[in-house]
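Please read the account below with the sequence and the model open side by side.

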Amino acid sequence: MSSAKNDPVKIETDRSWEAGRSKNVTFVVTEDCQLRCRYCYMVGKNKAGRLKFDVARRAIDYLLGARDLVTEPSVVWDFIGGEPFLEVELIDRICDYFKLRAYELDHPWFDRYRFSFSTNGLLYNDARVQRYIAKNSSHLSVQITVDGTRAKHDLQRVYPDGRGSYDDVARNIPRWLEQFPKSSTKVTVSSDDIPRIKESVLHLWGLGIKEVNINVVFEDVWKPGDDERFEAQLVALADETIDRRLYETRSCSFFSKTIGLPYADNNNWCGAGRMLAVDHRGNFYPCVRFLGFSLQKRPALTVGNCFDGLDRNRLRPFLTLDMVTQSPEECVDCDVAAGCAWCQGANYDFAETRTIFQRSVAICRMHKARVRANNYFWNKLGRKLGRDLRAEPQGGEGAGPC
Amino acid sequence: MLKYLLVVLARDATSFCHYEAGGRRRGGADLIPLDRLEAAVLFALKNNLKVNFLYPGRRLGRAYDKLVESVDHVKIAPFAARSSHPGAILVVESSAVPGAADLAGLRGENFILRLRRADLPLLAAALKRLLPRAKRVNVVLADVAGCGEAEYAEYRRQLEKIMPEVLKLSARPDPPELNVLTDRPALGRMNNCEAGLAHLTVGPNGRLYLCPAFFYADPRQSLGEIGGEIAIGNRRLLELKYAPICRICDAYQCRRCVFLNRALTLELNTPSAEQCRLAHVEREASRLYLGRLRESGAGEGLADIPEIAYQDPFDAAVEKKMSIADFKKL
Ligand code: SF4
Ligand code: SF4
């Protein structure tokens with residue numbers, strides 16, 4: 001073994017700004033988009049579902065005023081669509097209004113806020129977008145979605161006429177990375193994408209995007225053998241990452257020391273209900289996945305609106321959700337459960353009855369495959385660096401076989 | 001384990017709980033069809049179920065009476081129909097509490113007092129009339145949704161006001177029970193409604209429901225036909241173990257009404273603030289009652305009711321998640 005004990009290991013992704021401590025409020029500013037991505041949950045793209053300034057203003061007024069219910073010390077205002085930058089002028093007004101009101105009210109969020117965007121990147125170089133970025137740069141995160149190689153990206157992220165959008169997005173990436181060097185991108189993997197995982201992550205790293213957040217879809221799309229193919233891709237990615245010492249400067253959320261152990265706590269996976277999404281009608285949702293356009297089988301689930309306020313009763317299930325109540329027994333007892341994600345909105349959508357308390361376990365085999373590849377990665381990297389990088393299991397380890 | 005079957009004999013059968021029954025419809029078809037009633041009786045006989053028949057304020061006819069009498073049962077009827085149903089549990093609406101003349105001659109009755117929010121200030125007076133004639137009085141608030149601080153305070157005032165009467169009657173050889181004061185001191189664990197677990201309901205359309213409230217809210221929420229497979233999706237969510245707020249709570253007398261849960265929070269396993277606050281007014285009143293009972297030298301063998309810092313167990317559930325190990329012990 002090498003004894004290079006101080007080699008940097010960057011591979012695990014950073015925690016986001018104020019992670020877990022800030023209120024996350026998502027404005028769905030438009031249901032319109034230039035693209036028709038094949039996996040997009042927003043199936044009914046339209047121009048009518050546009051947020052009006054007055055509705056956003058009321059939502060901000062309510063949230064700044066409801067100090068007993070909204071107690072987080074900081075806020076992340078997320079702007080999504082459709083494509084949010086289609087409405088950059090409206091967003092600019094909303095942001096100005098928030099800053100002004102927070103100042104007037106001497107609200108703790110006045111200097112503890114962030115504006116955050118998930119964009120397809122097509123309008124990134126537009127003059128209005130650039131003006132907005134320049135004005136808000138110190139409080140801004142922008143995430144452009146690139147799905148990987150041109151082939152993978154263009155398989156899914158297409159214009160209404162079926163043309164791929166890779167070239168139009170890639171053109172804007174250098175400027176984006178220049179303005180936001182620490183930016184990350186989010187990649188979603190479905191069954192058909194499995195053979196392209198390794199090349200896609202390497203490609204994104206090659207473009208200069210240092211942090212790749214990647215996850216498999218929660219829908220039950222997996223075919224027999226997908227788990228093995230997935231594992232093989234991750235093992236190949238692990239080899240390349242280690243051989244080319246990419247772990248020193250790049251990160252990919254597939255590899256994490258905290259996954260693959262039994263559950264250590266009973267927390268819910270996500271912050272649905274602690275977060276909030278606001279649509280153009282002024283309705284509040286536990287997160288964007290509970291809006292009507294995000295759901296396949298179930299009706300939208302609102303938790304109040306900006307006129308009458310939050311519905312405290314409807315928030316109660318979300319605020320008391322935990323792992324054990326919604327999970328099948330196999331999950332509670334699973335030896336490699338840590339890191340096995342779920343999405344509350346997907347659970348609600350796919351549950352047998354109208355409830356958020358039935359966890360969908362469609363990704364079970366995929367998670368186990370990821371754990372095996374992840375173990376392989378840390379074992380191999382540890383041997384190369386001469387240190388034990390594996391996560392410490394909790395509790396006794398037993399005597400072992402000899 | 002299933003122990004009871006509720007049979008709603010007619011659309012306008014009396015409500016006994018947190019829901020409003022339907023009115024009569026023109027042109028009949030309000031009564032449960034005889035063949036469905038027969039199927040319900042058979043189902044009860046084959047599954048060792050005790051039947052609770054919910055009656056309207058009118059007579060149903062001999063064919064119905066005959067079927068009812070062919071199985072072990074309890075009748076629940078409106079107070080006004082008491083003479084037709086001796087021994088029945090009598091439902092009294094708070095808007096029409098019977099006067100002394102109507103109550104004369106009654107003794108050892110089981111009453112359900114369906115209390116409306118608007119009548120809360122009259123609660124103690126109504127109980128004062130009913131309790132001396134009662135073996136047991138169940139108070140049930142008919143319109144729980146929307147209760148606020150004013151209602152909680154009034155409820156508490158009324159329970160404190162009736163306490164001396166309950167204490168006085170407790171010296172009788174057959175002291176009456178009052179669910180919201182005397183149940184909690186006598187309970188060592190949850191004693192909830194358990195709709196869907198301990199009982200099912202046959203609606204007036206002859207189909208099965210979790211409880212009558214589900215029928216009246218939406219007859220399409222049926223669990224199936226009598227005798228067919230009973231489809232309770234996510235049944236575990238009816239169980240205490242899978243109710244994150246209730247499983248840490250010790251308001252043992254609470255109904256833990258899954259109908260109100262569903263209506264107000266959208267989840268069968270999650271109670272609304274109103275339910276919990278009201279049940280905790282009762283819990284606190286029961287604690288005071290137990291103290292006074294002890295002061296009077298009675299209450300031997302009853303366990304303490306600890307003082308707690310919250311009025312709504314939701315706050316405690318949010319503050320501290322149950323550990324995986326503790327969950328497994330349930
Ligand atoms: S669930 Fe139980 S407590 Fe609630 S209305 Fe039905 S019978 Fe009554
Ligand atoms: S008071 Fe609330 S938490 Fe306690 S049993 Fe009743 S409904 Fe459940």
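**A walk through the predicted model**

Along helix 1 of chain A, the buried residues are Phe53(A), Val55(A), Ala56(A), Ala59(A), Ile60(A), Tyr62(A), Leu63(A) and Leu64(A). What do these buried residues of helix 1 of chain A pack against? Their partners in chain A are strand 1 (22–28), strand 2 (74–80), helix 2 (88–104), strand 8 (276–278), strand 9 (284–285) and strand 11 (309–310).

The loop between strand 2 and helix 2 of chain A holds Gly82(A), and the peptide bond that joins Gly81(A) to Gly82(A) is cis, with an omega of about 15°.

Turning to the ligands, the residues that surround ligand 1 are Cys17(B), His18(B), Cys193(B), Ala195(B), Cys211(B), Ala213(B), Arg255(B), Cys257(B), Val258(B) and Phe259(B). By class, this shell around ligand 1 consists of 8 nonpolar residues, 1 polar residue and 1 charged residue.

Around ligand 2 lie Met190(B), Ile245(B), Cys246(B), Cys249(B), Cys254(B), Arg256(B), Pro271(B), Cys276(B), Ala279(B), His280(B) and Pro313(B), and these divide into 9 nonpolar, 1 polar and 1 charged. Which element gives the most to the shell around ligand 2? Helix 9 of chain B (residues 273–295) does, with 3 residues. The space that ligand 2 takes is the largest cavity.

Ile245(B), one of the residues around ligand 2, is also among the residues touched by Thr320(A), whose contacts beyond four places in sequence are Pro244(B), Ile245(B), Phe314(B), Ala317(B), Val318(B) and Lys321(B). Thr320(A) itself is placed in the loop between helix 9 (312–319) and helix 10 (323–326) of chain A, and it counts as buried because its relative accessibility is 3%, where the cut-off is under 20%.

Two further buried positions in chain A can be followed through their contacts. Gln233(A) belongs to helix 8 of chain A (residues 226–243), and its relative accessibility of 17% is the reason it counts as buried. Residues up to four places away in sequence aside, Gln233(A) touches Ile194(A), Pro195(A), Arg196(A), Ile197(A) and Lys198(A). Gly260(A), by contrast, is located in the loop between strand 7 (251–252) and strand 8 of chain A, and at 13% relative accessibility Gly260(A) is likewise counted as buried. With neighbours within four places in sequence left aside, Gly260(A) is in contact with Asp335(A), Val336(A), Ala338(A) and Val371(A). The C-alpha atoms of Gly260(A) and Arg370(A) are separated by 8.6 Å, although the two residues are 110 residues apart along the chain.

In chain B, the loop between helix 7 (212–217) and strand 10 (224–225) contains Leu223(B). Is Leu223(B) buried or exposed? It is buried, because its relative accessible area is 8%. Beyond its neighbours within four places in sequence, Leu223(B) is in contact with Leu200(B), Leu208(B), Tyr209(B), Leu210(B), Glu229(B), Ile230(B), Ala231(B) and Ile232(B). Between the C-alpha atoms of Leu223(B) and Thr201(B), 22 residues apart along the chain, the separation is 9.5 Å.

Two residues of chain B deserve a look for their backbone angles. Leu266(B), which is not a glycine, has a positive phi of about 75°; it sits in the loop between helix 8 (258–265) and helix 9 of chain B, and with a relative accessible area of 11% it is buried. Asn48(B), also not a glycine, has a positive phi of about 55° and is found in the loop between helix 1 (34–46) and strand 2 (50–54) of chain B. Asn48(B) counts as exposed, because its relative accessibility is 69% and the cut-off is over 50%.

The C-alpha atoms of Pro86(B) and Leu49(B), 37 residues apart along the chain, are separated by 22 Å.

Technical notes. Residues numbered from 1 in each chain as written. Chains lettered and ligands numbered in written order. Predicted model: local features only at pLDDT ≥ 70, side-chain atom pairs only at ≥ 80, totals over all residues. Heavy atoms only, no water. Buried < 20%, exposed > 50% of the residue type's maximum accessible area, 1.4 Å probe, protein only. Helix = DSSP H or I, 4+ residues; strand = E, 2+ residues; numbered from the N terminus. Contact = heavy atoms within 4.5 Å. Near = heavy atom within 4 Å. Nonpolar A, V, L, I, M, F, W, Y, C, P; charged D, E, K, R; others polar. 1 Å grid on protein atoms, 1.4 Å probe; cavity = no way out; pocket = protein on both sides within 12 Å on 5 of 7 lines; lining within 4 Å. Sits in = over half its atoms within 2 Å of the grid points.
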